[in-house]
Amino acid sequence: MQLIALVATLLLLSAVGFHLGRRRAAARSAAADRRPHSLPVYYGSYVALWSGLPALVVLLGWLAFEPLVVRSLVVDSLPLVARELPPERLGLLMNDVRNLAAGVVTSRDVDPEMAAAAETYLRLKRLGAVAVAVLSLAAAIGGLGLALRRVRPDLRARNAVERLVERLLIGASTIAIFTTVGIVLSLLFESIRFFNAVPIHHFLFGLEWSPQTAIRSDQVGSSGAFGAVPLFAGTFLISLIAMAVAMPVGLLSAIYMAEYAPRRMRAIIKPLLEVLAGIPTVVYGFFAALTVAPFLRDAGTMLGLGVSSESALAAGVVMGIMIIPYVSSIADDVITAVPRSLREASLGLGATRSETIRQVVVPAALPGIVGGLLLAVSRAIGETMIVVMAAGMAANLTANPFETVTTVTVQIVTLLVGDQEFDSPKTLAAFALGLVLFLVTLALNVAALQVVKRFREQYD
Amino acid sequence: MNVASKPALDQATLDDRRLAKVSARDVDVFYGAKQALKSVSIDIRPNEVTALIGPSGCGKSTFLRCLNRMNDLIESCRVAGSIWLDGEDIYTSGLDPVQLRARVGMVFQKPNPFPKTIYDNVAYGPRIHGLARSRAELDEIVMTSLEKAGLIDEVKDRLQEQGTGLSGGQQQRLCIARAIAVSPEVILMDEPCSALDPIATAKVEELIDELRQRFTIVIVTHSMQQAARVSQRTGFFHLGELVECGETEQIFTNPRHKLTQGYITGRFG
Ligand SMILES: Nc1ncnc2c1ncn2[C@@H]1O[C@H](COP(=O)(O)OP(=O)(O)O)[C@@H](O)[C@H]1O
Ligand SMILES: [Mg+2]
């Protein structure tokens, strides 16, 4: 609550700064009788940015470090016995202190020391809030004053604002990059821990997947086998089925939309196809599990085929339906981007429409289409929900689409669901699987973008 | 100035339209509700180059595209009146526009080779229409077309390279070779040199003059010098009407209509 009020005040200050900056630029240049270097808005923005940004930095810094600082101060105020507890116990104790301070019931009896600690905690929090308010307001007002002083007709406000804006943008993208790097690094480190327990070649080339490890060493059937090949094979099989559905349907509908459909028809079909992309995957999942899978099983029984009620086929088909819009909308875009002049050249030579499409339009659009397909494949590989619900959990190494298979993503889910020790190979295996999945999708995406880029260049 | 009240069409049409290669009578074209051509009548004589000139937006391209029914591809476009090719109505319901376009070829304003090899660009039409029974025959067609288009010396060692890798002028001549390869009777050219430099333009103009021996050519151009250089007859369009049509010589030295006069002396356009 206080935070919102503070932010609002800072914004207000920036707005005031904007106004003052503009006014001052006008007044100063009138007094000096010369044209200001930049438009008045830039002087306004200059002052506004200088009053807003320093305060923002203070505020963000506080948000990032306040919990750490308060915690270490509170721990210092605790009696010596408590301070020397092992880290996990200390963490629990701190939780209690925080709960006590918030007035929530705690897990142990309240002793005077804890009450004192809670008191300290509260006091520090309040002090911190006041401090940050004062500091950030000071920064805002100081920045505003300094910037305002510098507003003169010869101040290159436009250039200064452009530079600040650029810094801001760099800041934003740095956050995105650091997040990505952080995620990748954590994947990598946990995977390395896993590979310390299970040799990497067992993981990559092993044919048996059964990640149950013993909780007690005398337990039976708990050896734990971490051969990921059945998972990769399952993922591959399901993606293959999905592409077998999505590729023809998506491409042909894209060709219809781009080349044949009257404008009004196109205006209806395109959004409808895009709705497919907006359906939550869990909905596809129960559609697969409750409708498609039983249907395929019954149809299989009639034909004398043994189709399991959770089959790769059911999951693959539904996943294919899910990725149709990815294929069709990218294909539609690239087909429409093929210059009209090429079509006219072909038609002008007496080619029919379908000849033109087959021999000129599609070949010209091919790189873009391939790019779209690769993106769709990477979607299919990363998809989890449909497979969890419709393809089952059994890690069979099979090429038979009627059998139950499992995929990398499904196993990641099952490995992490439920109570787990956080450093058992079973849990760490999820990170290794995630790393492999990440590398594969990354490669696919890079390849796809590369291909699409080459297509763009061809027509620029 | 009211154009319609004083038509100078005496030379535009022949008495017997069956003698013309292409004959248009009272052609109106509408884009939606907007009329782009008003009652255009003209006879295009065989083995001549007919140039169509006029300020931009006056309907030259529109008229050209009527002659091979490329306007069919534009949803909003509607054509009325009659156009004959060798005495046959090309707008009757029985006629297949696809076959018509094999007889009436087209070269466009911007060179538009397919993103295929030079060879495949030229072979495209013959393959579509099954003109060659063997690889040797196809080779023959490709080579003679390139030769007729005056491109053979420049590309004979690089037939398997991409057509899009040629220079602008070469690309345009490749497009002409591509059009010739299906042995059309009429070739329509819509400002074929407007994207080319002067040297490439000179080459294409020279080529047009040679092609006249075998084909009937209709060329739209915004350059009056070009019309004067390459054509035998010239038609002047203004605001969707054919104002005047006659021998090129006469149009440029002694135009009958004030509008034509104004245009060729550069007073507007
Ligand atoms: N596809 C189209 N849709 C609607 N109007 C068009 C279209 N093509 C041309 N027009 C209109 O028809 C008129 C004649 O155009 P055009 O034949 O291209 O002229 P020119 O080739 O002489 O410059 C112009 O006013 C133009 O705006
Ligand atoms: Mg034009």
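Let's start with E66(A), which is buried, with a relative accessible area of 12%. Keep in mind that this is a predicted model. The side chain of E66(A) meets that of K125(A) in a salt bridge, 3.2 Å from N to O. K125(A) sits in helix α5 (residues 112-150) of chain A and E66(A) in helix α2 of chain A, so the pair ties together parts that are 59 residues apart in sequence.

Take L11(A), which belongs to helix α1 of chain A. L11(A) counts as exposed because its relative accessibility is 57%, and the cut-off for exposed is over 50%.

Now to another part of chain A, helix α12. How many of the 9 residues of helix α12 (residues 340-348) are buried? The count is 7, so this helix is largely enclosed by the rest of the structure. The buried residues are L342(A), R343(A), E344(A), A345(A), S346(A), L347(A) and G348(A). After α12(A) comes G350(A), with a positive phi near 90°.

R343(A) is buried at 14% relative accessible area, and its side chain forms a salt bridge with that of E259(A), at 2.7 Å from N to O. This pair links distant parts of the chain, with R343(A) in helix α12 and E259(A) in helix α8 (residues 229-260) of chain A, 84 residues apart. E259(A) counts as buried too, at 13% relative accessibility.

Chain A also has a network of salt bridges, which links R266(A), K270(A), E274(A), D332(A) and D333(A). Over all chains, the structure holds 27 salt bridges.

Let's cross to chain B for another one. K21(B) pairs with E185(B), and their closest N and O atoms are 3.0 Å apart. K21(B) is buried at 12% relative accessibility, whereas E185(B) is partly exposed at 25%.

Staying in chain B, S223(B) is in the loop between β8 (216-220) and α8 (224-230). Its side chain reaches the backbone nitrogen of Q226(B) at 2.9 Å. S223(B) counts as buried because its relative accessible area is 19%, and the cut-off is under 20%.

Last stop, the ligand. Which residues surround ligand 1? They are Y31(B), K34(B), A36(B), S56(B), G57(B), C58(B), G59(B), K60(B), S61(B), T62(B) and I74(B). By class, that shell has 4 nonpolar, 5 polar and 2 charged residues. Both β2 (34-44) and α1 (60-67) of chain B supply at least two residues, and α1(B) gives the most, with 3.

As for contacts with oxygen atoms of ligand 1, a backbone N or O atom of G57(B) lies 2.7 Å from one. For K60(B), a backbone N or O atom is 2.9 Å from a ligand oxygen. S61(B) uses a polar side-chain atom instead, at 2.6 Å from an oxygen atom. Taken alone, ligand 1 exposes 560 Å², and the protein buries 63% of that.

Technical notes:
Residues are numbered from 1 along each chain as its sequence is written. Chains are lettered from A and ligands numbered from 1 in the order in which they are written. This is a predicted model: local features need pLDDT of at least 70, side-chain atom pairs count only at pLDDT 80 or more; totals for chains, interfaces and linings use all residues. Side-chain values use heavy atoms; hydrogens and water are left out. A residue is near a molecule or strand if one of its heavy atoms lies within 4 Å of it. A polar contact is a pair of N or O atoms within 3.5 Å; within protein, one must be able to donate a hydrogen and the other to accept it, and residues adjacent in sequence count only if both atoms are side-chain atoms. Accessible areas come from the Shrake-Rupley method with a 1.4 Å probe; for residues, only the protein chains shown count as cover. Helices (H or I, at least four residues) and strands (E, at least two) are DSSP runs, numbered from the N terminus. Ala, Val, Leu, Ile, Met, Phe, Trp, Tyr, Cys and Pro count as nonpolar, Asp, Glu, Lys and Arg as charged, and the others, Gly among them, as polar. Buried means under 20% relative accessible area, exposed over 50%, partly exposed in between (1.4 Å probe, protein chains only). A salt bridge is a side-chain nitrogen of Lys or Arg within 4 Å of a carboxyl oxygen of Asp or Glu.
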